[in-house]
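Subject: Model and notes on what was found in it

Hello,

The sequence and the structure are below, followed by my notes. Please read them with the coordinates open.

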Amino acid sequence: MRGPCLFALLLLAVPQAGCCSLARLFCGPDRTPWVPVSFETPEHTVRTLLEALRRDDPEVLYQCLAQEYCRQKGLDSVAVTVAWQQIRQENPGLHVAGYATVPAATRLDDDHAVVRLDVEGQALEVSLVRESRWRVRYRRDDGTAGDQGEPLATFAGQLDLQPLDGVDKSKLVARPVTVPHFGLEQLPLAKLELFAFERLWKVRALVMPQP
């Protein structure tokens, strides 16, 4: 299966409900406290994806998707919400797929990994890619938070690591970044809560291997 829709793949991953799955089907989406949203490792991202599926949360699900995947499918935060609403109405038991156990990922290289799931006896491979970006978070005068960032194709050209002689340390040099701070005319250091260059694992494909 090539280029499948994320939601269609998740739908196909739900087999005939067993005892526990049948109970979940009638109970509806889980409403207990959220598992933390995290994209720090492939496993964290897949857990977040499954939690979003279990909680019926298209906004968090969208956060799990790689830029490459969204471009290929023409998805943005609005398009994902509309598609999810329709699929949820047509398939009220879809959240059952969110209860799969997440095993350790297979790292293919520094930027690619695969997590192989067993969804009630159905194999599902989640392919992930590591994306780079810079991010800034600040606090406006009215107390509301601002959170801005932009993707980076690579850290090369933006960050430079210079080894230091004789010690297990390196000097990290960052080139200037233009930081937007909407809702705040000036951004004093006292208002700055976070500035970071980060790498996040995102879902680039889902594949159901042929038996």
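Ala52 counts as buried because its relative accessibility is 0%; buried means under 20% relative accessible area, exposed over 50% and partly exposed in between, with a 1.4 Å probe and protein chains only. Ala52 is in helix H3, and its C-alpha atom is separated by 9.3 Å from that of Val35, 17 residues apart along the chain.

On provenance: this is a predicted model, in which local features need pLDDT of at least 70 and side-chain atom pairs count only at pLDDT 80 or more, while totals for chains, interfaces and linings use all residues. Residues are numbered from 1 along each chain as its sequence is written, and side-chain values use heavy atoms, with hydrogens and water left out.

Overall layout

The protein has 6 helices and 7 strands. These are DSSP runs numbered from the N terminus, helices being H or I with at least four residues and strands E with at least two. Along the sequence the pattern reads α-α-α-α-α-α-β-β-β-β-β-β-β. Of the 211 residues, 37% count as buried.

Cores

The largest nonpolar core has 31 residues, of which Val46, Leu65, Val115, Leu117, Val126, Leu128 and Val203 touch the most other members. A nonpolar core here is a set of buried Ala, Val, Leu, Ile, Met, Phe, Trp, Tyr and Cys residues joined through side-chain atoms within 4.5 Å. Two or more residues of this core come from each of helix H3 (42–55), H4, H5, helix H6 (77–90), strand S2 (112–119), S3 and S7. H3 gives the most, with 5 residues. Another core lies apart from it and has 5 residues, among them Val136, Leu152, Phe155 and Leu159. As general background, nonpolar side chains in soluble globular proteins tend to be buried together.

Leu65 is found in the loop between H4 and H5. Leu65 is buried, with a relative accessible area of 5%.

Two other positions

Asp56 is in the loop between H3 and H4. Its phi is near 60°, a positive value in a residue other than glycine. Asp56 is buried, at 16% relative accessible area.

Ser127 lies in strand S3 and counts as buried at 16% relative accessibility. Ser127 and Val207 are 80 residues apart in sequence, yet 7.9 Å apart in space, C-alpha to C-alpha.

The largest pocket holds about 310 Å³ of space. Of its 14 lining residues, Gln63, Gln67, Glu131, Arg133 and Lys202 are the closest to its centre. The search used a 1 Å grid over the protein atoms alone: a pocket is an open set of points where a 1.4 Å probe fits, with protein on both sides within 12 Å along at least five of seven lines, and lining residues have an atom within 4 Å of a point. Grid points are joined across faces, edges and corners, and the volume is the space filled by probe spheres set on the points.

Helix H4 (58–63), helix H5 (67–73), strand S3 (122–139), strand S4 (145–152) and strand S7 (192–207) each supply at least two residues of that lining. By class the lining has 6 nonpolar, 4 polar and 4 charged residues; Ala, Val, Leu, Ile, Met, Phe, Trp, Tyr, Cys and Pro count as nonpolar, Asp, Glu, Lys and Arg as charged, and the others, Gly among them, as polar.

The second largest pocket has about 170 Å³ of space. Its lining includes Gln67, Glu68, Arg71, Glu131 and Arg199. H5, S3 and S4 are the elements that give two or more residues to this lining. The lining divides into 3 nonpolar, 3 polar and 6 charged residues.

Rings and charges

The whole structure has 3 aromatic pairs. The centres of the Phe195 and Phe197 rings are 5.5 Å apart and the planes are at 85°, so this pair is edge-to-face. Rings of Phe, Tyr and Trp (its six-membered ring) pair if their centres lie within 6.5 Å; planes under 30 degrees apart count as stacked, over 60 as edge-to-face and the rest as tilted. Ring pairs link Trp134, Phe155, Phe195 and Phe197 into a cluster. Phe195 is partly exposed, at 38% relative accessibility.

The charged end of Lys202 sits over the ring of Phe39, 4.9 Å from its centre. That of Lys73 sits over the ring of Tyr69, at 5.9 Å. The criterion is NZ of Lys or CZ of Arg within 6 Å of the ring centre and within 35 degrees of the ring normal.

Regards
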